[in-house]
Amino acid sequence: EPPPTGRLALYLLGLRAACPPPGAHRSLVTWLKFYLEEDWTGSRRHGHPLTSYYQYGLGVLALCVHHKRVREEVIRRLLTAQHHGRLGHGGNTVDTEAVVALAFTCLEQRRLVETRLAAELRAAVHSASKSMAEAQGPDGIIGNIYSTPWALQVFLATDMCQTEPAFGQAMAALLENLEAFGTAATMAQVLPVLHGRSYLDIASAHCQEELDVLTPTDVEPPPEVPGNKTVQLVVECPLPWCYELRLYDRAVAVPAAASLLDVLRAAAALQPHDFKFHTQDTPQGPFLTQVLGLEARQEKRNYWQLLTTPNTPLQMGIADYRPQDGETLILRLSEW
C-alpha cells in the first residue's frame with residue numbers, strides 16, 4: 001500500500017495546533033520525512049508520488065509548521081510538478097495547488113530555505129494564487145466547495161485577502177454552504193478560515209498562553225427521516241474507454257435519508273454480480289475509484305465524476321451527498 005503521507009501530515013498539523021509537550025512529536029516527524037522519500041519511489045515508473053501531490057504537499061507543509069527543514073530536492077519535486085501542470089487529480093487542481101502554495105509560503109516565511117529558492121517559491125505562490133482566482137465560478141466557489149477553504153487559506157496566509165476580489169466572493173459562498181462540512185477533516189479545513197486564519201498560524205502559536213478549553217461533548221445522531229425514495233442511477237463511460245456510453249441505468253429504492261454511497265450499496269445488493277464498485281478511504285471520506293470493473297487511475301488521468309442531470313457536478317462526496325426523491329445521478333468516467 002502507498003505510504004500514509006497525508007494521514008500522518010494531518011495528524012502532525014493537528015498535534016501542533018493542540019500544543020503538545022516538547023519532544024512529543026519528534027519520532028513522528030522522522031517518520032514523515034521517511035514517508036516523503038518512500039512516497040517518491042513511484043517517480044521511477046510514473047513520474048509522480050505513489051499517493052498524490054496533494055498528500056506530498058501536506059507532508060512538506062506539516063514539516064514546515066513543525067519548524068523542520070526540508071531537503072531542496074523534495075521541494076523542487078513540487079516546484080517542477082507545478083511548473084509543468086502536473087498537480088491535477090480528480091478533475092480539480094485547486095486543493096492541491098493551495099496545499100502546495102501553503103507549503104511554499106511557510107518555507108519562505110519561516111526562512112527555512114536559502115534566498116534564491118525563496119524567490120522561486122514566492123513566484124510559484126503568486127502563480128498559484130492567480131490560477132485559483134481564475135478558477136472561481138459565478139457562484140463564488142473556487143474549484144468545488146471543499147477546495148474553497150484551501151484557496152481562502154492561501155489568500156489569508158499571503159495577505160491577498162485585502163486585495164483579491166475572489167476572497168470576499170468565496171467567503172460568502174462558503175458561509176452559504178457550511179452544511180457541506182460534516183466530517184472532522186472538512187471541518188478542520190474550514191474552521192481556520194472562519195476565524196481569519198490559515199494552517200501557517202499554527203507555526204507561530206504561543207502554546208504557553210493557550211487556555212485548556214477542550215472538553216468532550218456528546219454528539220447526537222442525526223434524526224431518522226421516515227419513508228423511502230427512488231433514485232435513478234446511471235453509469236456512463238465515453239470513448240476512448242468504452243464503445244457504449246451508458247453502461248447502467250436503473251431506478252434504486254433506498255431509505256429517505258440515504259446518501260449516494262447508500263444508493264451504490266443498494267444497487268450492488270440488487271445485482272451483486274452485475275453492479276460492483278470500490279472506494280478508497282481518504283481524510284475527506286470515501287473516494288469512488290472503480291465502477292462496473294472500470295478503474296479510475298491517476299496515471300491514466302481519469303476519475304469518476306459525480307453529476308446530477310442534466311450535467312451538474314456534485315459539490316459533495318459520495319458519503320455526504322443525499323439525493324432527492326426522483327433525482328437522477330450520473331457516474332461518468334471523465335478525463336482531467
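A disulfide here is a pair of cysteine sulfur atoms within 2.5 Å. Hi everyone, with that in hand, let's look at the cysteines.

A word on the model: it is predicted, local features need pLDDT of at least 70, side-chain atom pairs count only at pLDDT 80 or more, and totals for chains, interfaces and linings use all residues. Residues are numbered from 1 along each chain as its sequence is written, and side-chain values use heavy atoms, with hydrogens and water left out.

How many disulfides does the rule give? The count is 2. In one of them, cysteine 64 and cysteine 106 have their sulfur atoms 2.0 Å apart. This link of cysteine 64 and cysteine 106 is left-handed, with -95° about the S-S bond. It joins distant parts of the chain, 42 residues apart: cysteine 64 sits in helix H3 (residues 53-65) and cysteine 106 in helix H5 (residues 94-109). Helices, by the way, are DSSP runs of H or I, at least four residues, numbered from the N terminus. Both cysteine 64 and cysteine 106 are buried, meaning under 20% relative accessible area with a 1.4 Å probe, protein chains only.

Cysteine 237 and cysteine 242 form a disulfide too, with sulfur atoms 2.0 Å apart. Left-handed or right-handed? The torsion about the S-S bond of cysteine 237 and cysteine 242 is about 80°, so this disulfide is right-handed. Cysteine 237 and cysteine 242 are both buried as well.

And cysteine 161? That residue has a relative accessible area of 18%, so cysteine 161 is buried. Thanks, everyone!

Key
Helix = DSSP H or I, 4+ residues; strand = E, 2+ residues; numbered from the N terminus. Buried < 20%, exposed > 50% of the residue type's maximum accessible area, 1.4 Å probe, protein only.
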